[in-house]
Each structure stands twice: as structure tokens, then as C-alpha cells.
Amino acid sequence: MALDAMISLKRDETAKAYREKTVHLMRLFGPDYDINSLSRPLVANFATARTTEGASRHTVHKELVVLRQTLKEAKKRGEFVGSLDAVPEWKSDYQPRTRWLTPTEFRALFLATPEKHRTWLMLQANTSANLSEVARMTWDHVDLARGVVTVPGTKRTSRYRTVPMSAELRTWLAGRDPKQPLVTQWGDVKHA
């Protein structure tokens, strides 16, 4: 219940991401768990168990962030009387990727991508937009005359940004029909 209450306060994309991170919390604690019985050792055991199951430290870190946010909101509502110290600090091993596709690799990927998803690929590769940002892009975000694309970011205003088009992206978009949707939704893009 406390998880649902906290998630209901979040924007759609954030709520979706938070809900994904609650799966293992719910598995361990259950939907009717009394959050006031949480203790630091219990939460630490959860984190250790998750890594033993094969979850990365970064994934466990995200799950603990969701738990901490849940307790924080429950405390504001007067439902949690304990301490937020029940959730220990958990160092993440996350390291951003530092390798990019070479032009040859990108060309091979582009040619292997179904035609209906190539604009998606071009936008993502040439604007650094994430999956949900590309999914929300429309022709209103494209200014061929100025040579810029506005990326419709979420979560914080700094993610809403305008980026210059590469020559390759500009040529590609100029060849598309603006009466058709800019991108075709790509439900299995992560798998692809």
C-alpha cells in the first residue's frame, strides 16, 4: 500500500520505472507488510539476497531508492514512524558506457533495422535521446529550417533540450513524409 501511494505521486514515466523496481520488494515483503517493522538489518539482508540472486549492485541501489522514497512519503502521511536510516546506503557499481558505435557499425545496424524503425534509430543515435524521449517525438519537435530537434525530456526541465541535427539526420528527415508519424512505436526496442 505504501509503495502504491508513493508511486501515485510520480509522473507517468517515473511511476513506470518505480513500479518495475518494486517487484522484488513486494516479493520479499508482500503487499500487506507493516512498514513500521522494517529494520536496517532486514533491509541489508534484502540487498544481500538480491545480489546473491544475481542482481547487479546498481539494480539493488535503485530498489533501495524506491524503498527510501516510499518510507519518506509514508512518514509525511504519518504512516511510518520509524527512521529513514532503516534503508542503508548502498554503493552502486554503475559505470556509464564509454564505447560508441563506429560509423561502420552504425551503418550495419541501420541496414539490419526494419525500414519502419529506421527513423527511430536515426533520432536516438543522432540526438542522444533515450527510449521514452524518442517514443514521444513528433514532427512538432523537428525544425528542418533551423536544423534542430527538440528532445521532449521528462523528470526535470534540464532534460527538455534542443540539439543540432547532424547532416545525416537532416537528410534522412527531409526525405520522410511529414504527414506520417515521425516514429513508429517500437514495443520490443530493448530486445531488438
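1. The term here means a side-chain nitrogen of Lys or Arg within 4 Å of a carboxyl oxygen of Asp or Glu. Glu133 sits in helix α8 (residues 131-136) and Arg161 in strand β3 (residues 161-164), so this pair ties together parts that are 28 residues apart in sequence. Both Glu133 and Arg161 are buried, where buried stands for under 20% relative accessible area, exposed for over 50%, and partly exposed for what lies in between (1.4 Å probe, protein chains only).

2. A word on the basis of all this. The model is predicted, so local features need pLDDT of at least 70 and side-chain atom pairs count only at pLDDT 80 or more, while totals for chains, interfaces and linings use all residues. Residues are numbered from 1 along each chain as its sequence is written, and side-chain values use heavy atoms, with hydrogens and water left out.

3. On the other charged pairs: the count comes to 10 salt bridges. Glu115 and Arg176 make one of them, at 3.6 Å from N to O. Glu115 is in the loop between α6 (103-112) and α7 (118-127), Arg176 is in the segment after α9 (167-174), and the two are 61 residues apart, so distant parts of the chain are linked. Glu115 counts as partly exposed at 47% relative accessibility, and Arg176 is partly exposed at 27%.

4. Please look at Arg99 and Glu105 too, whose side chains meet in a salt bridge at 2.5 Å from N to O. Arg99 is exposed, with a relative accessible area of 55%, whereas Glu105 is partly exposed at 29%. Elsewhere, salt bridges link Arg27, Arg50, Glu53 and Glu63 in a network.

5. Now the nonpolar cores, meaning sets of buried Ala, Val, Leu, Ile, Met, Phe, Trp, Tyr and Cys residues joined through side-chain atoms within 4.5 Å. The largest has 22 residues, and Leu123, Met137, Val149, Leu169, Leu173 and Leu182 have the most contacts inside it. At least two residues of this core come from each of α6, α7, β2 (148-151) and α9, and α7 gives the most, with four residues. A second, separate core has 20 residues, including Ile7, Leu38, Ala55 and Trp90.

6. Which residues does Val149 touch, not counting those up to four places away in sequence? Val149 touches Leu123, Thr127, Met137, His141, Arg161, Thr162, Val163, Met165, Leu169 and Leu173. A contact here is heavy atoms within 4.5 Å.

7. Finally, the overall picture. The protein has nine helices and three strands, with helices (H or I, at least four residues) and strands (E, at least two) taken as DSSP runs numbered from the N terminus. The order from the N terminus is α-α-α-α-α-α-α-α-β-β-β-α. The radius of gyration is 21 Å, well over the 16 Å that the globule rule gives for 192 residues, so the protein is more spread out than a compact globule. That radius is taken over C-alpha atoms, and the rule is 2.2 Å times the number of residues to the power 0.38. Along the principal axes, the C-alpha atoms fill a box of roughly 60 × 35 × 25 Å. Buried residues make up 37% of the 192 residues.
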